[in-house]
Amino acid sequence: MDTLATSAGEIAQSVRVGDVSAEHIVNVYLDRIRRLDGELHALLSVDEAGARAAARMLDSLPAEQRTRLPLAGVPLVVKDNILTDRLPTSAGSKILAGFYSPFQATAVERAVAAGAVVVAKGNLDEFGMGSSTEHSAFGPTRNPWARDRVPGGSSGGPAAAIAANLAPLALGSDTGGSIRQPAAFCGIVGLKPTYGRVSRFGLIAYASSLDQIGPLARTVRDAGLLLQVISGLDARDATSSAEPVADYLAELEYPLRGLRIGVPSQYFGAGIEPEVRSVVMSVLDRLKAGGAQTVEINLPHTEYAIAAYYLIAPAEASSNLSRFDGVRYGFRAGASDLVSLYQNTRAEGFGGEVVRRVLLGTHALSAGYYDQYYVKAQKVRALIRRDFMEAFAEVDVVVTPTAPEVPFGLGSRRDDPLKMYQSDICTVTANLAGLPAVSVPAGFVEGLPVGLQFIGPAYSEALLLRAGRMVEEVVERPRWPLDEP
Amino acid sequence: MADPSYEVVVGLEVHVELKTKSKMFCGCANAFGAGPNTNTCPVCLGMPGALPVLNREAVRMAVAAALAFNCTIRQRSRFDRKQYFYPDLPKAYQISQYDAPFAEWGSVAIRSGSTRRTVRIRRIHMEEDAGKLNHLGQNLQSSAGSLVDLNRAGVPLIEIVSEPDMSSADEARAYLNELRTVLSYVDVSDLRMEEGSMRCDANVSMKPVGFVGSLEDLPRVEIKNVNSVRNVGRAIEYEIARQSRLLAAGEAITKETRGFNDASARTYSQRSKEEANDYRYFPEPDLPPLMLTGEWIASVKAGLPTLPDAWRERLTGMGIADQDIETLVHDPAQLAFLTRCLEYESDVRLVTTWMLSDMLRLLNAADLTFAESPVGPEQLAELLHLIGDGTLSGRMGKELLENMFATGKSAKTLIEQLGMAQITDDRVLREQVTSVIADHAKVVEDYRSGKAKALGFLVGQVMKRTRGQASPEVVNRLLREMLDE
Ligand SMILES: [Zn+2]
């Protein structure tokens, strides 16, 4: 069996029936990681011994137990802001370099209980703050499609790992597009679930009211497979939802007849590269030819989304990151007294982009500015949510390009944070509104991947996956850049 | 001492630890006195990725306390983050309630001397406690180091904020005592000020007579963290004297925070309000809004015990003296003893007299409470019956009570063992009376010539001959009959 040409679902099936051992699968992927990740730097730590031990354990299970594991033997990369018990979790920051958590994230626990094998931790922008993975304290990740370009961010490491086939599945986190934009830049599928669908317990918080863990995979079906396993209520996260989890794979292959797709003018106008727009429009034409309807819609408050996002997310981040003070764990700088302990630890431990957002957020919450910034941003958030509610009265899903551009050059935006923030223009609204959204490959511009995004009503993940599957049917599958011929 | 052109204005903020089994947002034990940092977990240590989950029992206790103070309960309230850096605050924010506390507008009736007065409660909110620092020297600044103990971090608290309705140290003491009494009835806290389960901050300011502006505009001095009711009184007395002195000398009072030194009985400056913290409150995104249904609030209210004011009314109706009522209501064990005792003996005055004189004296001497009394309510009632039916004289009863106290035996058992029953039989006593009259002709002469005192002597002689067992009433009657015929 050609392990590398198969999907996560096929790997799990082979392991379940005993056609191949989990240990063999894990060895094949570990070998690939050793050969390819030196250049890509998608991964921050690899657990060869632990992964092999976990695989052998799966192989030693009685067959009737193994057959119940939906992810039996599937190697998994976990973004390094999600806690794992055997591998360290740095959040891409010097302040947590070498930090081992005493517990594991719920999403990881559930994936492991379903038979997944954690092989490595994925690189990211420090604490998830960035759209290029260049803000990792441990160096940038390269895009497998064009090694001099960024993989997107902040889940750039996991996305690049999937595109380079260092693992069939990855867990990322998405606060303003951090799963979807790198999925688009790396030509893969990435899904941000409805807020509350997946437990945040064990996710190192960036902005608690926006963060969600979600799957990255090469196919819609594989993304659904991982989503199925990690979704659902968790008693350890008070914001997780008791809404029943749908069967995401049951109707995946049934096309949605007469799907009404909302096309908001705000996401197809200025600020979107014309080549990107035409790739997305061409997919829509093909969907229409297959029976879908497109409806022009209006999401009038979209223009305020970036401003609202860059107040709310930094405000929450400034609070969430206060616990990194050098007192109990992580990096501690030399200091002569308490105040200098705080100052030196945080000044030396945090990178520039984190400092920028912590300052921005602290300011937005300060006495005298709170109403003008934080409260106003929350009002905008409510209006954006209302825009979508009104749209979903008319259409089933909303379509946008996932990113306004193709992957940009490494280092090209380092000193232009405002330009960098604009990369999130298409993705932040789903987080602000708490809605699920999926990015699927839509095609290429000069060999660089372009992603198409569907945003749906709350808990419409099954619908989004079916819509994504329809896109897969009308878009030619790429030849992956690093797969052997 | 106080300048008559100023009125004293006092408001109190009281923190009360709730005695839930586990902490407010995690499963750790809420217990005093365990080894340092043994009652901790990732949530209350503020580890990355950990999330708070609200303890419903803490909410029930908080709501019960608020209802006992006649507060209005907000059906939708919210938690907020109060942010500051300090080593005893692991997340660098305290989960508290800022502008939407769960309870508002209650009241406490206080009695200072013979005057009754209502102190309004402005608000009660829930929050988590911080940990404790054990300095290796005098304080954090001057110590070589400080040891952090986070056992207390995350323990549920309510903060009860009064309106500035008190005008003396006495009233503040009366308010605190009443607060404590009501809370002890509701049974939601250990209320041990020395262990920190109840803590008090006092705000003291001087209002010019006739001042019509907002009290907020007066220079207010806040005395932080006073550790006993007695010391709250002493701190306020000192502060009134200090502020009066300053005003008399034509000096201004500075708005500031002061501490209280127990040994010197003085307050001292800690920091002026100008350098006060900006806590950057904002809604806690990790917790959904706290929703309480009217039905649930009603069920908590229905579960409240009879409260002190209702008891006062009931006891007054029973004809108990006001002074005794106050003694009874401030000691729930005493009140419980009384109610149990009344189940067996309906003469309220008789029971309270015995409880508050002889019983109390014996208990105090043995350093016991009514709950720990070796003579239970049923035993006391039995003793009172024996006195009531004439088996024992009052004096014999007192002696017997001491014996019961020492041996733990019942009155009837002791009477049998000691042969102590009162002699009421006319025939037996007539013999003794006849012989006493015969032996004391001179005294009989005196009585007959009008010296009433002589009768007492003769009674005493009969008592002596019967070793105190004769019924004084019967002896009196027989003597009169025989001497007057
Ligand atoms: Zn805990």
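Domain bounds here come from an automatic or database domain assignment. In this predicted model, that assignment divides chain B into domain 1 (6-300), domain 2 (330-418) and domain 3 (426-483). The centres of domain 1 and domain 2 of chain B, taken over C-alpha atoms, are separated by 41 Å.

For four tetrahedral donors, the ideal angle at a metal is 109.5 degrees.

The contact between the two chains involves 37 residues of chain A and 30 residues of chain B. About 2700 Å² of area is buried between chain A and chain B, and carbon and sulfur atoms give 62% of this area. Between the chains there are 14 residue pairs in polar contact, with both residues at pLDDT 80 or more. The count of salt bridges between chain A and chain B is 1. This salt bridge joins A:Arg200 to B:Asp286, and the closest N and O atoms are 3.1 Å apart.

Over all chains, the structure holds 66 salt bridges. Side chains of opposite charge can pair when their charged atoms come close. Within chain A, A:Asp174 forms a salt bridge with A:Arg180, with 2.8 Å between the closest N and O atoms. A:Asp174 counts as buried because its relative accessibility is 0%, and buried means under 20% relative accessible area. A:Arg180 is likewise buried, with a relative accessible area of 0%.

A further salt bridge in chain A links the side chains of A:Asp325 and A:Arg328, at 3.3 Å from N to O. A:Asp325 has a relative accessible area of 3% and is therefore buried. A:Arg328, in contrast, has a relative accessible area of 25% and is partly exposed, a class that lies between the limits of 20% and 50%. In chain B, the side chains of B:Glu326 and B:Arg111 meet in a salt bridge with an N to O distance of 3.7 Å.

Key: Residues are numbered from 1 along each chain as its sequence is written. Chains are lettered from A and ligands numbered from 1 in the order in which they are written. This is a predicted model: local features need pLDDT of at least 70, side-chain atom pairs count only at pLDDT 80 or more; totals for chains, interfaces and linings use all residues. Side-chain values use heavy atoms; hydrogens and water are left out. Contact means heavy atoms within 4.5 Å. Buried area is the accessible area (1.4 Å probe) that two parts lose on being put together, summed over both. A salt bridge is a side-chain nitrogen of Lys or Arg within 4 Å of a carboxyl oxygen of Asp or Glu. A polar contact is a pair of N or O atoms within 3.5 Å; within protein, one must be able to donate a hydrogen and the other to accept it, and residues adjacent in sequence count only if both atoms are side-chain atoms. Buried means under 20% relative accessible area, exposed over 50%, partly exposed in between (1.4 Å probe, protein chains only).
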